[in-house]
Amino acid sequence: MQSQYPGPGTSPRKALVLSGGGARAAYQVGALRGIATVLGKDAANPFAIISGTSAGALNAIGIATQAHKFRTGIRMLEYVWGNMRSDQVYQLDSVGLISSASNWVFSVLSNRRRRTPASLLDNSPLETLLQEVLRLERINSNMSAGYLDSLVVTASGYTSGESVSFFQSTQDIPNWHRPHRVGIRTDLRHRHLLASTAIPTLFPAVRINREFFGDGAIRQLAPLSPAIHMGAQKILAIGVSGAGTRRPAKGDQVNHPSLSQIIGHVLNSAFVDTLESDMAVLRRYNAMIPKCSPSAELDVRPIELLDITPSLDLNRIAEDHYSSLPRSIRLFIRDTNASSIASLLMFEKDYCQALMDLGIADAMAKREQIRAFFHN
């Protein structure tokens, strides 16, 4: 039986936005599974535009390569995340970690250029995994067949300081340049994914053309903007917020934050705060439009937004699975307050499965909103 919901070629144009968050991106796969359940097993990809950042870019590309059969793409992602091991993402040997940490510390202290990438972890296994599971040549064929028209992967330029959205599209959309935001048309390759997922200090930067790039979430002040630039009229955003409010209780002993705790705090701010802030801005924008006088000079239109975000604190889920972290990583983040960075680096199947289960539950809790979103 054919799905009753319109595909990507119908109007209004729908976009899927997937934010970054390291291992937390497993949650997105569960949410996508819930969406696919609502749409029906025979549904093709319903999104004309797919935009991903950091680990969300990996999921975005996964959907794009299987856009002819939406559920098949999600099953592929479920298999990858459901069988994930940290050694498929970064090297775990203690000697390698100590060597990388020494290079990183030396670079910080000496402030000199070195040929050795300054990062704490070697993510060369991730490149191998991406090449094995993501058939990027299918993107063009799926676009030619009309299963989607635009795909965006965002990374951060270390020299320019710009958030660069690399996009592949069948639409006649020119490159754009806004303050701190750039869009560049290209044929997406595995190196774009490696650049978008290169968490600063943890993974090495990736060179694309004349610049080195790192994780796309770091300089992305407006995560929804690439999809809007591509012409989105309705946006479904899946975030991976791991932020829980934990104020010290009276009488608690408060220790000076460790390096891992500081890094986790900075990365949590990049991965969480920007998407939530941008969604709040869009909602205020939509609320203002009916109150504005019509103008022929301004092309203003509301953009419908539906978000699916975790109903539970992902950092606490990471704490529950802390023992599944490789020993070398546990030594690095040994203090118990570093749950933010643990939730980013815990590429282990039990933790990822817990996040996928939560994503399914949260999506199904919004099944009526999802039906309304896709019912045109």
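1. Leaving out residues up to four places away in sequence, Leu236 touches Ala15, Leu16, Val17, Ile35, Phe47, Leu306, Ile308, Phe373 and Phe374. The model is a predicted one, and every remark below should be read with that in mind.

2. As background, nonpolar side chains in soluble globular proteins tend to be buried together.

3. Some totals for the chain follow. The protein chain has 376 residues, and 53% of them are buried. The secondary structure comes to 14 helices and 10 strands. Among contacts with a separation of 6 or more, 76% are between residues 24 or more positions apart. The chain exposes about 17,700 Å², of which carbon and sulfur atoms supply 51%.

4. Strand β1 covers residues 14-18, and five of its five residues are buried. Lys14, Leu16 and Leu18 point one way from β1, while Ala15 and Val17 point the other way. A student may want to note that Lys14 is buried along with the rest of the strand.

5. Which strands pair with β1? One is strand β9, residues 234-238, which is parallel to β1 and joined to it over five bridges. Ala15 stands opposite Ile235 in this pairing. Another is strand β2, residues 49-53, also parallel to β1, with four bridges between them. Here Leu16 has Ile50 as its bridge partner. With helix α1 included, β1, α1 and β2 make a right-handed β-α-β unit.

6. Ala237 belongs to strand β9. Because its relative accessibility is 1%, Ala237 counts as buried. Ala237 and Ala15 are 222 residues apart in sequence, yet their C-alpha atoms are 8.2 Å apart in space. Beyond its neighbours up to four places away in sequence, Ala237 touches Val17, Leu224, Met279, Leu305, Leu306, Asp307 and Ile308. Val17, Leu306 and Ile308 are also listed among the contacts of Leu236.

7. Glu78 lies in helix α3, residues 70-82. Is Glu78 buried or exposed? Its relative accessibility is 17%, so Glu78 counts as buried, the cut-off being under 20%. The side chain of Glu78 makes a polar contact of 2.8 Å with the side chain of Arg33. Leaving aside neighbours within four places in sequence, Glu78 is in contact with Val29, Arg33 and Met356.

8. Asp149 is found in the loop between α6 (137-144) and β3 (150-157). Asp149 is buried because its relative accessible area is 9%. What does its side chain make a polar contact with? The partner is the side chain of Arg13, at 2.6 Å. Not counting residues up to four places away in sequence, Asp149 touches Arg13, Ala48, Ile49, Met143, Gln168, Ser169, Thr170 and Gln171.

9. Two backbone angles deserve a look. Most residues other than glycine have a negative phi. Ser54 has a positive phi, near 55 degrees. Asn209 is not a glycine either, and its phi is positive at about 60 degrees.

10. At 2% relative accessibility, Ser54 counts as buried. Asn209 is in the loop between β7 (206-208) and β8 (211-215). Asn209 counts as exposed because its relative accessibility is 64%, the cut-off for exposed being over 50%.

Key:
Residues are numbered from 1 along each chain as its sequence is written. This is a predicted model: local features need pLDDT of at least 70, side-chain atom pairs count only at pLDDT 80 or more; totals for chains, interfaces and linings use all residues. Side-chain values use heavy atoms; hydrogens and water are left out. Contact means heavy atoms within 4.5 Å. Helices (H or I, at least four residues) and strands (E, at least two) are DSSP runs, numbered from the N terminus. Buried means under 20% relative accessible area, exposed over 50%, partly exposed in between (1.4 Å probe, protein chains only). Accessible areas come from the Shrake-Rupley method with a 1.4 Å probe; for residues, only the protein chains shown count as cover. Two strands pair if DSSP finds at least two bridges between them. A crossover is right-handed if, with the strands pointing away from the viewer, the path from the first strand over the helix to the second runs clockwise. A polar contact is a pair of N or O atoms within 3.5 Å; within protein, one must be able to donate a hydrogen and the other to accept it, and residues adjacent in sequence count only if both atoms are side-chain atoms.
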